[in-house]
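Student: I would like to learn how to read helix packing, a nonpolar core and a chain contact. Could we work through them one at a time?

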Amino acid sequence: MIEIRNITKRFGDFVALDDVSLEIAAGSLTAVLGPSGSGKSTLLRIVAGLERPDSGEVLLAGEDATGLAPQRRDVGFVFQHYAAFKHMTVRDNIAFALTIRKRPKQEIRERVDELLELVQLQGFADRYPSRLSGGQRQRMALARALAAKPPVLLLDEPFGALDARVRAELRDWLRRLHEEVHVTTVFVTHDQEEAMEVADRVAVLNRGRLEQVGAPAELYDQPTSEFVLRFLGDAFRLGDGFVRPHEIVLGRFPENGAIEVEIERIVVVGADVRVELSDGSGERMTARLRREDADELELARGEIVWASARDAKALQPLG
Amino acid sequence: MRKQLGLRAVALVYLLVILLAPLGMVFYRTFQSGLRPVWQTLSDPGTIHAFEVTLIATGIAVPLNTVFGVLCALAIVRRRFPGKGILNAFIDLPLAVSPVVIGLCLYLLYGRTGWFGSWLMGHGIQVLFALPAIVLATVFVSVPFVAREVIPTLRELGNEQEQAAATLGATRWQRFWRITLPSIRWAVVYGVVLTSARCLGEYGAVAVVSGRIIGKTETATTLVDDLIQNFDTAGAYAVSLVLATIAVLVLVAMTVIRPQEAR
């Protein structure tokens, strides 16, 4: 369990974190989501002890850790750019936490073998990090962070430096790893899709302030601020509220609350159709329809149709 | 292509005339009159003692400036403190100031009427015209090399690896020995080689403060000068040969180390 209480951190005039409080349950997988400069990495580094807050407290397993040096916190940390020990082999990298704890050689060997298997790097034990791919390096860094079995694992944009395919692979893999190892995991990301897909709880940060915390679906469906609404996915103003693209219904006739829009473009995306619309005032929105619904309506470019929210609940009365 | 060839030729001729010709001359002259005079000079107790003094001064200056250089580099790259810019500039002072001037400063400081000299004299410690002055001068002129080599390597290294080590439970001491030092080791070795070369070849500052008493405070370099003054050219060539051979060895060591560092 990690408790973050009223953390404030400034860098000169820049306020990186402004009175942030957050509780992270033991064994959970939490994403800290925000745009760059929102303070999310700083928050993670404060939990690890790599940065000191100006005020506020960090509690780990119920004990005040605010002034504790990183080496005494028992927290695993994975860096965006891997921070691999370049002068050590993969085996020595992973063994590091155990070596400095002076564990018996046999025990270290067994534990490292176990971790190599966990991160699927069995054949790479004697290589140097410079001869690994980005994804392999990051898996090595993960194994290294897990070696001493810390109760908490922190990941700072762990997949940020990797290409899209490796990213997706590692996401799935992190999810499965968490199911196996049950370590309290917090990862920082600016990618809302990544946060929604991997985490069971998401905390959204904006300009150093915590906007909202909740399950991914909760944030998507019931955002409490326009920032969260827009950051978690496309949303468009429709009358008095906002709707997501899949909540827009198009019709041939004016209904109650529907607005008149012109079809600018129709794009087929797999099983869905994306219809780009604009109303008379130049306001644009994109509706996402299923193929059969779109076919039934026989939509065509340049036509005038009526757009409304699927149901009243879909309309988010914000702003 | 033609232009490149021209450039190459100029560079080569320049090196040949300025560097290789004098060095080759020393080798040639040394053996011109056979091995006997060479052996005679090198086995002379005065010569042996001069090399001993040089080696002692080098043996003290190199470890001292290696430790100091690494600490300085760490402070300059990793820490923020008032006067950092001044420290950074002062490290280069021995390169900027002529060794003779450095010798003169030491002379004034440790002389009979100098600030430290009068106090040390009062306690029966002879610095000037003795081994301590030679060591001090040698230490002074060889300060910058390790720090100058290590600073850019440390900058490039960043501190993420050390932070990672900290989160893995490593104390400050463990981080230094297991992460920082192995990462900068080739820069340190290269700095040590340069420092050693500078110490062995030091002449100006030592010439001022040593007193050049043969068999006592003569170093290898001041001995060469003395031998020339006394028209013992064969002797001067022989001692120079040894110094030049060391220089060549240093050069070889550096060419071996450079690729390691780049890796």
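**Reading the packing, the core and the contact**

Tutor: This is a predicted model, and in it helix H2 (residues 90–100) of chain A packs against helix H4 (residues 134–146) of chain A at an angle of about 30 degrees, with their axes 6 Å apart.

Student: Which term describes how H2(A) is oriented relative to H4(A)?

Tutor: Angles under 35 degrees count as roughly parallel, and therefore H2(A) is roughly parallel to H4(A). The crossing in which H2(A) passes H4(A) is right-handed.

Student: Which residues of H2(A) and H4(A) meet?

Tutor: From H2(A) come Val90(A), Asn93(A), Ile94(A) and Phe96(A), and they meet Met140(A), Ala143(A) and Arg144(A) of H4(A). Sorted by class, this contact of H2(A) with H4(A) has five nonpolar, one polar and one charged residues.

Student: Which residues touch the most other members of the largest nonpolar core?

Tutor: In soluble globular proteins, nonpolar side chains tend to be buried together. Here the largest nonpolar core has 95 residues, and those touching the most other members are Val32(A), Val47(A), Ile94(A), Ala141(A), Ala143(A) and Leu154(A). Leaving aside residues up to four places away in sequence, Ala143(A) touches Ile94(A), Leu115(A), Leu116(A), Leu118(A) and Val119(A). Another core, of 49 residues, lies apart from the largest one and includes Val70(B) and Tyr190(B).

Student: How many residues does each chain bring to the contact?

Tutor: Chain A brings 19 residues and chain B brings 15 residues. On the side of chain B that touches chain A, the elements giving two or more residues are helix H10 (160–167) and helix H11 (172–201) of chain B, and H10(B) gives the most, with seven residues. By class, that side of chain B divides into seven nonpolar, seven polar and one charged.

Methods:
Residues numbered from 1 in each chain as written. Chains lettered and ligands numbered in written order. Predicted model: local features only at pLDDT ≥ 70, side-chain atom pairs only at ≥ 80, totals over all residues. Contact = placed C-beta atoms within 7 Å. Helix = DSSP H or I, 4+ residues; strand = E, 2+ residues; numbered from the N terminus. Nonpolar A, V, L, I, M, F, W, Y, C, P; charged D, E, K, R; others polar. Axes fitted to C-alpha atoms, helices over the stretch in contact; angles between N-to-C directions. Parallel < 35°, antiparallel > 145°, perpendicular 65-115°, else oblique. Left-handed = near helix turned anticlockwise from the far one by under 90°. Core = buried A, V, L, I, M, F, W, Y, C linked by C-beta atoms within 7 Å. Buried ≥ 20, exposed ≤ 12 C-beta atoms within 10 Å, placed from the backbone.
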